[in-house]
Amino acid sequence: MGQAALIDNVIPHTDVVKRAVRIGAEIRNIKLSSDLPDQIVASINGLLLQHKVIFFRDQYHLDDAEQERFALRFGKLVPPPVSDPIKGTTSMLEINSARGGIRADNWHIDLSCLDAYPKISVLRGVVIPPVGGDTVWSNTAAAYLDLSPSLRRLADDLWAVHSSAYDFAVVARPAEADKKLYDDFLTRARFETEHPVVRVHPETSERTLVLGSYVKRFVDLPKYDGQRLFDLFESHITAPENTVRWNWKPGDVAIWDNRATMHYAAKDYGDQPRIVRRATIDGEVPVSVDGRCSVALIKRI
């Protein structure tokens, strides 16, 4: 029995609607909660592995604590690496446009500067601008398959250093009022990890590309050559056919496999407020195609 059929068998009238050919599905007529039956949670996880990112509308009943409890059904939760969690929770992070902080309007894997970066993120829309503020996800497994055989062999052999001190990506500094949070993340808390450019997904065995804005440099490559390889691989990851775009509404929940996707939060809503709240689930140390594990170079808080 397929994952969609299993959900419908337990909760009738639940629909799974693909949002794009290669990535993304919306699951309709289901109420997320921490007390969902185990088989439903397993089915949601199966749909996540299949579609990479899944969406749920009209989850108005969720507050911060219940979102955290629901996320806990998928594994151990990861506290924010620098800022304090939302009051009343142990791990929830608020991303508030009015407060600035670390920018998300670049292609990235959540916290890939860590050795065992999160495997899943659960994001809830709280305050959504009337126009703009969409998020775009890309399928990094499909992007890998799009590479020519020779480029795949090259990618399989490459390693990259991911750092909380960005380099390849162009990241603007926040407003002066948010300078302390930004400086805390980039200086007081310093994380740097050497990851394979291609990891083997621990649940699906797919090969996925591990890049994004945390990449500082490639191992044993001159910066000039590394920048061009970075741009080449990123162009495959962000090709429109590998992406899905979500138009947020208050009460929406998006869950994505952070091991098989990258994402980009469009900052196209001017001065309108945008507040989303995220829980992340602890991940595994990536393993390369030849069986080597990622290595933390710096882990300082």
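# Close-up views of a predicted model

**Figure 1. Ala 25 has its bridge partner in β3, namely Ile 54.** The structure shown is a predicted model, in which local features require pLDDT of at least 70 and side-chain atom pairs count only at pLDDT 80 or more, whereas totals for chains, interfaces and linings use all residues. Residues are numbered from 1 along each chain as its sequence is written, and side-chain values use heavy atoms, with hydrogens and water left out. Strands (E, at least two residues) and helices (H or I, at least four residues) are DSSP runs numbered from the N terminus. Two bridges join β2 to β3, and these strands run parallel; strands are taken to pair if DSSP finds at least two bridges between them. The open sheet shown here has seven strands, ordered β1-β2-β3-β13-β5-β15-β4, with mixed pairing. At its edges stand β1 (15–18) and β4 (93–96), each of which pairs on one side only. From one strand to the next, the twist averages 25°. Helix α2 packs on the sheet and touches β1, β2, β3, β5 and β13; contact means heavy atoms within 4.5 Å. The direction of α2 makes about 125° with that of β3, where axes are lines fitted to C-alpha atoms (for helices over the stretch in contact) and angles between N-to-C directions run from 0 to 180 degrees.

**Figure 2. Helix α3 and the elements that cover its buried residues.** Helix α3 spans residues 64–72, and Asp 64, Glu 66, Gln 67, Glu 68, Phe 70 and Ala 71 are buried in it. Buried denotes under 20% relative accessible area, exposed over 50%, and partly exposed the range in between (1.4 Å probe, protein chains only). The cover over these residues includes β5 (120–127), β13 (253–257) and β15 (275–281). Ser 33, in the loop between β2 (25–28) and α2, contacts Glu 66 and Phe 70 when neighbours within four places in sequence are left aside. Ser 33 is buried, with a relative accessible area of 14%. A polar contact of 2.4 Å links the side chains of Ser 33 and Asp 35; such a contact is a pair of N or O atoms within 3.5 Å, of which, within protein, one must be able to donate a hydrogen and the other to accept it, and residues adjacent in sequence count only if both atoms are side-chain atoms.

**Figure 3. The largest nonpolar core, comprising 28 residues.** A nonpolar core is a set of buried Ala, Val, Leu, Ile, Met, Phe, Trp, Tyr and Cys residues joined through side-chain atoms within 4.5 Å. Leu 147, Ala 155, Val 197, Leu 209, Leu 211, Phe 218 and Phe 233 have the most contacts inside this core. At least two of its residues are supplied by each of α4 (140–146), α5 (149–157), β11 (215–218) and α7 (223–237). The largest share, four residues, comes from α7. A second, separate core of 25 residues includes Ile 44, Phe 70, Phe 74 and Ile 86.

**Figure 4. A three-stranded open sheet in the order β12-β6-β14.** The pairing in this sheet is antiparallel. Because β12 (243–246) and β14 (261–265) are edge strands with a single partner strand each, one side of each is left without a neighbour in the sheet. The twist averages 20° from one strand to the next. Strand β6 (residues 135–139) is joined to β14 by five bridges.

**Figure 5. Side-chain polar contacts of Asp 290 with Ser 288 and Arg 292.** Asp 290 occupies the loop between β15 and β16 (295–300). The contact with the side chain of Ser 288 is 2.3 Å, and that with the side chain of Arg 292 is 3.2 Å. Although Asp 290 and Val 200 are 90 residues apart in sequence, their C-alpha atoms are 9.4 Å apart in space.

**Figure 6. Positive phi values at Lys 52 and Asp 58.** Lys 52, which is not a glycine, has a phi of about 75°. This lysine lies in the loop between α2 (38–51) and β3 (53–56), and Lys 52 is buried, with a relative accessible area of 3%. Asp 58 belongs to the loop between β3 and α3; phi of Asp 58 is near 60°.
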